[in-house]
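Open the model in your viewer and keep the selection panel at hand.

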Amino acid sequence: AMHTYGIWLYHNGNSSGAENYFRKALATDAGCIAAAADYACILHRLRHEEEKALDIYETILLQEPGHVQTLCNCAWLYYSHKNDAERAEAYLETALSREPGNPDANHMFARIQDEVHSKHDEAEAI
């Protein structure tokens, strides 16, 4: 519960304090991955600070390369924010190799494949 402190800082208007807290915590304690992932979700979904969120997600993956939810979140940011479907698919392949039945990873992978292939088809049709 110690890491709820970072979330508390954020809710009290100290987002840079929260960021520094999670960066330090991730560097020293893999146990704070869940809290850091929650914080990155806040940055990504509520504040649309995609670059900062991606930075935290990638820091989490340095600690725990197989963290499936983070792999999915990275994939989605690479796809939706950076327009990099290949990188996104690579993250999802890693996630699915860990958890083949993961609904988020499967749904996202299918969606990216559909959208990417329909774009290719349109380009060829023109």
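The tour starts with the overall fold and then moves to one helix and its partners.

**Whole chain.** Remember that this is a predicted model. Show the cartoon. The chain has 7 helices and 0 strands. Read from the N terminus, its elements run α-α-α-α-α-α-α. Along the principal axes, the C-alpha atoms fill a box of roughly 55 × 30 × 20 Å. Colour by accessibility next. Of the 126 residues, 44% are buried. Among contacts with a separation of 6 or more, 46% join residues 24 or more positions apart.

**H5 against H6.** Select residues 68-80, which form helix H5, and residues 85-98, which form helix H6. How are these two helices packed? Their angle is about 165°, and their axes lie 8 Å apart. The cut-off for roughly antiparallel is over 145 degrees, so H5 is roughly antiparallel to H6. The crossing is left-handed. Show side chains at the contact. From H5 come Val68, Leu71, Cys72, Cys74, Ala75, Tyr78 and Tyr79. They meet Ala85, Arg87, Ala88, Tyr91, Leu92, Thr94, Ala95 and Arg98 in H6. By class, that contact holds 12 nonpolar, 1 polar and 2 charged residues.

**H5 against H7.** Angles under 35 degrees count as roughly parallel, so H5 is roughly parallel to H7. H5 passes H7 in a left-handed crossing. On the H5 side, pick Gln69, Cys72, Ala75, Trp76 and Tyr79. Their partners in H7 are Asp104, Ala105, Met108, Arg111, Ile112, Glu115, Val116 and Lys119. This contact divides into 8 nonpolar, 1 polar and 4 charged residues.

**An aromatic pair in H5.** Zoom in on Trp76 and Tyr79. The model has 2 aromatic pairs. In the pair formed by Trp76 and Tyr79, the ring centres are 5.6 Å apart and the planes meet at 50°, so the pair is tilted. The two residues are 3 apart in helix H5, which puts about one helical turn between them. Buried or partly exposed: which applies to Trp76? Trp76 is partly exposed, at 21% relative accessibility. Tyr79 is buried, at 6%. The cut-off for buried is under 20%.

Technical notes. Residues numbered from 1 in each chain as written. Predicted model: local features only at pLDDT ≥ 70, side-chain atom pairs only at ≥ 80, totals over all residues. Heavy atoms only, no water. Axes fitted to C-alpha atoms, helices over the stretch in contact; angles between N-to-C directions. Helix = DSSP H or I, 4+ residues; strand = E, 2+ residues; numbered from the N terminus. Parallel < 35°, antiparallel > 145°, perpendicular 65-115°, else oblique. Left-handed = near helix turned anticlockwise from the far one by under 90°. Contact = heavy atoms within 4.5 Å. Nonpolar A, V, L, I, M, F, W, Y, C, P; charged D, E, K, R; others polar. Phe/Tyr/Trp six-rings, centres within 6.5 Å; stacked < 30°, edge-to-face > 60°. Buried < 20%, exposed > 50% of the residue type's maximum accessible area, 1.4 Å probe, protein only.
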